[in-house]
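Trainee: Please take me through one part of this structure up close. After that, I would like to see how the part where the chains meet is built.

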Amino acid sequence: MGGTHNRLMAVECGVCGKLYIPPKYLCPEDGANQFTEVPLSGQGEILTYTTIRVPSLGFEDQAPYDIAVIRLKEGINLTARIISQEEEEFNIGDKVSFVKKEGGAHWFTIVS
Amino acid sequence: MGLRGVSIIGVGSTPFGVLEGRTLKEMATAACNEAIKDAGVDRGQIQAFYLGNYIAGMILGQETIAPLIVNSLGLNREIPSTKVEGACSSASIALRQGHLLVASGVYDIVLVAGVEKMTSASTEKVTQALASSIDMETEGLTGLTFPGYWALIARRHMYEFGTTIEQIGMVSVKNHNNAVVNPRARFRDPTTLDEVMSSRLITDPLKLFDCCPIADGAAAAVLCAAEMAEDFTKKPVDIIGIAQTTGYSSLYEQAQLVALPATVSAAKQAFEMAKLKPEDIDVVELHDCFTPAEIVDAEDLGFFEKGKGGWAVEEGITQVGGRLPVNPSGGLISKGHPVGATGLGQAYEVVKQLREEHENQVAGAEIGLTHNAGGTGGVCCVNILKRR
């Protein structure tokens, strides 16, 4: 979970073809556990976002930080971190691009 | 399956707030003792005990607390005592377990309670304990917090429906003003929209006054077979609808970001069981852990069309004296949120309303509803209560 990858990876259910990030132990749709790892485009758009000013434990040195729910091009959603310049303005509908996976979280940047 | 009717024949509650010097055991004992006395039952008649609690194990290092309270109360040791946990819904789950045991005919009289002691621990410890109901293998790794969760929903709701930040702030104003007369509330000072809007940003767009405070507190109820209720009290309150459902353990997996699916399904089940519609409800205590939650919950419960909840607040519909008073107790926002006790705290407030004994009485209230959500909407309980 701790490593850095520069391609956004999902798992695909071998039975129904549904994609999941993060991986599942069983496919909730059909109960199957045959998954294949597949790369995604890493492109998506912001569905909603917030700036966390009072952080969770272990995130104190990162505050304030931006979190968004992203709709990926492949049609699945993901809660992720947004890498932005200080107080950078962004909005719902803005396009984002995958940068890295770090500390188990996915990090995206705004595509201007 | 033939189920019996179940009534609440007695309720008890401590105040919710910073109760310095009052321990978990003492608060639960006091609330239970008050409920037993209010019911007029003999302690020896109680046949089972269910207790809701969320974080005592994590912040106080105290577990196995159901027998602890049975022993403190001096109840019969031949009865079963069980703790249940479902984050902030824990006390409502205790109520439902008690209901099922009486409805099924296993027992006639059951005591249910909820308790939490929060203010004696450090903020860091409480924050970490509360965050334990976020999925720590997925969404928790992003640094998402509970106010953050509701900020994400609020911003999407504003985007899709034009809900304004002022409408969201008006929830805080209403609930603070409701709590002024409630002696059980933590915050009893009135506030203004200006004060809410100028309070410190916590997680954009939510500010300090959009967030409920932690609290110490306990609440309890004595449940009894409906057919026996009038042997004990002239004012039984019947549980006519009761449901518990499961939602998502993360926000991103929900199909839409402007509703809690577990609330929608629990409301549907509870209304079907009661054979009632949302317009039949006279008073509501719902889970306003953050101000946008009150707007979203009221929609999900079927009181307003999706997207119209903000305008209902603005138009005063949810004020005491409005068409549908919501959180006349002050809600979690002002009464406070002792997480494992909150669900029965809501039931206490609604029972007092239906018995016409409430400090902020809704005139003529005959049917009330409580709504109690846990975690990231992973648990939801809805109860519909009716006076005879």
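Mentor: Leaving aside neighbours within four places in sequence, His99(B) is in contact with Val6(B), Leu223(B), Ile239(B), Ile242(B) and Met273(B); contact means heavy atoms within 4.5 Å. This is a predicted model, where local features need pLDDT of at least 70 and side-chain atom pairs count only at pLDDT 80 or more, while totals for chains, interfaces and linings use all residues. Side-chain values use heavy atoms, without hydrogens and water; residues are numbered from 1 along each chain as its sequence is written, with chains lettered from A and ligands numbered from 1 in the order in which they are written.

His99(B) sits in helix α4 (residues 90-103) of chain B. Helices (H or I, at least four residues) and strands (E, at least two) are DSSP runs, numbered from the N terminus. His99(B) counts as buried because its relative accessibility is 3%. Buried means under 20% relative accessible area, exposed over 50%, partly exposed in between (1.4 Å probe, protein chains only).

Now the interface. Here 30 residues of chain A are in contact with 27 residues of chain B. The area buried between chain A and chain B is about 2,500 Å², with 59% from carbon and sulfur atoms. That area is the accessible area (1.4 Å probe) that two parts lose on being put together, summed over both. On the chain A side, Leu57(A), Thr79(A) and Ile92(A) lose the most area to chain B, together 21% of what that side buries.

There are 2 salt bridges between chain A and chain B. Arg53(A) forms a salt bridge with Asp204(B), with the closest N and O atoms 2.7 Å apart. The rule asks for a side-chain nitrogen of Lys or Arg within 4 Å of a carboxyl oxygen of Asp or Glu.
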